[in-house]
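Have a look at the sequence and the structure first, then read on.

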Amino acid sequence: MSQSAMQEITCPKCGKKHPFTVWDSINTMEHPEMKEKVRNDEAFRYRCPDCGATSLLNYNFLYHQQEDKILIFVDADGSSPKGMEEILSRRGNAFDSYLKRIVLSYNEFKEKLLILDAGLDDRIVEIIKSSIWDNVDEKYKDKHIDEIYFATNEDGEHGFLFRKEGKMIASMEFDMSLYNAIKEAAQARIDVLSRGDLIINREWAKNIVTRMG
Ligand SMILES: [Zn+2]
């Protein structure tokens with residue numbers, strides 16, 4: 001079920017108040033238009049009808065892509081995943097066969113969608129990204145890269161983008177043969193070791209690589 005509510009938003013520029021639809025939960029089968037709106041930020045971007053100023057609202061919601069059995073809780077500012085972890089961990093309900101995730105920012109959410117849209121296993125993508133991070137830390141410290149994100153370009157090619165203070169400074173092709181090799185060699189063990197893990201990010205990847213030895 002989708003749930004949304006109108007909220008009064010105060011424009012950060014002119015101070016006038018206008019209503020905006022804020023979602024508690026989004027079901028893409030009930031509201032197919034939301035599938036695109038979360039991908040292009042329209043679901044979070046408030047535009048003031050008076051002065052035209054735009055701002056990205058930070059709010060938490062549950063994203064339910066029912067047709068693909070995907071459930072993602074978006075903890076927009078990364079502040080409160082604990083309660084949701086407990087709820088999503090419950091078994092014996094309609095979501096048992098779902099892919100369940102918690103993401104700690106909009107950026108992580110959109111990256112997760114790109115990975116899933118590409119038909120890739122996010123756990124393996126994070127493991128690859130973690131090794132790229134190790135390499136960056138070791139050899140390119142002077143570049144001050146603070147974010148690495150999986151991305152897909154207009155031609156449908158996948159890669160990683162390297163960003164510094166929000167600006168893209170480099171990119172790298174996605175190595176599909178490496179992905180397939182890791183998938184073949186480790187996916188079954190990852191399944192066993194990470195069953196029930198909800199937050200799949202860099203920290204998770206470092207941890208699982210240690211656990212796999
Ligand atoms: Zn305004």
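What follows goes through the ground rules, the strand pairs, the salt bridges, a charged patch and a few positions along the chain.

## Ground rules

This is a predicted model, so to speak a calculation on screen: local features need pLDDT of at least 70, side-chain atom pairs count only at pLDDT 80 or more, and totals for chains, interfaces and linings use all residues. Residues are numbered from 1 along each chain as its sequence is written, and side-chain values use heavy atoms, with hydrogens and water left out.

Helices and strands are DSSP runs numbered from the N terminus (helices are H or I with at least four residues, strands are E with at least two). Two strands pair if DSSP finds at least two bridges between them.

## The hairpin of β1 and β2

Start with strand β1 (residues 3-10) and strand β2 (residues 17-27), which pair in the antiparallel sense over eight bridges. To find your place in the pairing, look for Met6, which stands opposite Thr21 in β2. Six residues sit between the strands of this hairpin, and Gly15 takes a positive phi near 80° there.

Phe150 has Phe160 in β9 as its bridge partner. This hairpin has five residues between its strands, and Gly156 in the turn shows a positive phi of about 80°.

β9 also pairs with strand β10 (residues 167-173), again antiparallel and again with six bridges. Here Leu161 stands opposite Ser171 in β10. The hairpin of β9 and β10 has two residues between the strands, and Glu165 takes a positive phi near 50°. As background, side chains in a regular strand alternate between the two faces of the sheet.

## Salt bridges across the chain

How many salt bridges are there? The count comes to 16, with a salt bridge taken as a side-chain nitrogen of Lys or Arg within 4 Å of a carboxyl oxygen of Asp or Glu. One of them joins Lys110 to Asp41, with the closest N and O atoms 2.9 Å apart. That pair links distant parts of the chain: Lys110 is in helix α3 (residues 106-117), while Asp41 is in the loop between α1 (33-39) and β3 (45-47), 69 residues apart. Is Asp41 buried or exposed? Asp41 counts as buried because its relative accessibility is 12%, whereas Lys110 counts as partly exposed at 23%. The cut-offs are under 20% relative accessible area for buried, over 50% for exposed and partly exposed in between (1.4 Å probe, protein chains only).

Next, Arg123 forms a salt bridge with Asp191, the closest N and O atoms being 2.8 Å apart. Arg123 lies in helix α4 (residues 122-139) and Asp191 in helix α5 (residues 176-194), so this pair ties together parts 68 residues apart in sequence. Arg123 is buried, with a relative accessible area of 11%, but Asp191 is partly exposed at 33% relative accessibility. Arg202 lies in helix α6 (residues 202-212) and Asp137 in helix α4, so the pair ties together parts that are 65 residues apart in sequence. Arg202 counts as partly exposed at 26% relative accessibility, and Asp137 counts as partly exposed at 30%. Salt bridges that share partners also join Asp41, Arg45 and Lys110 into one network.

## A negative patch

Which residues gather in a patch of negative charge on the surface? They are Glu154, Asp155, Glu157, Glu173 and Asp175. Patch members have over 30% relative accessible area and no salt bridge, with like charges joined within 9 Å. Asp and Glu count as negative, and the place of a charge is CG of Asp or CD of Glu. Glu157 lies in the loop between β8 (147-152) and β9 (158-164), and counts as partly exposed at 49% relative accessibility.

## Near and far along the chain

Leu114 is in helix α3 and is partly exposed, with a relative accessible area of 31%. Its C-alpha atom is separated by 6.5 Å from that of Ala151, 37 residues apart along the chain.

Arg90 lies in the loop between α2 (81-89) and β7 (99-103) and counts as partly exposed at 44% relative accessibility.

Note on methods:
Patches are made of residues with over 30% relative accessible area and no salt bridge: like charges are joined within 9 Å, nonpolar side chains (Val, Leu, Ile, Met, Phe, Trp, Tyr) within 5 Å. Accessible areas come from the Shrake-Rupley method with a 1.4 Å probe; for residues, only the protein chains shown count as cover.
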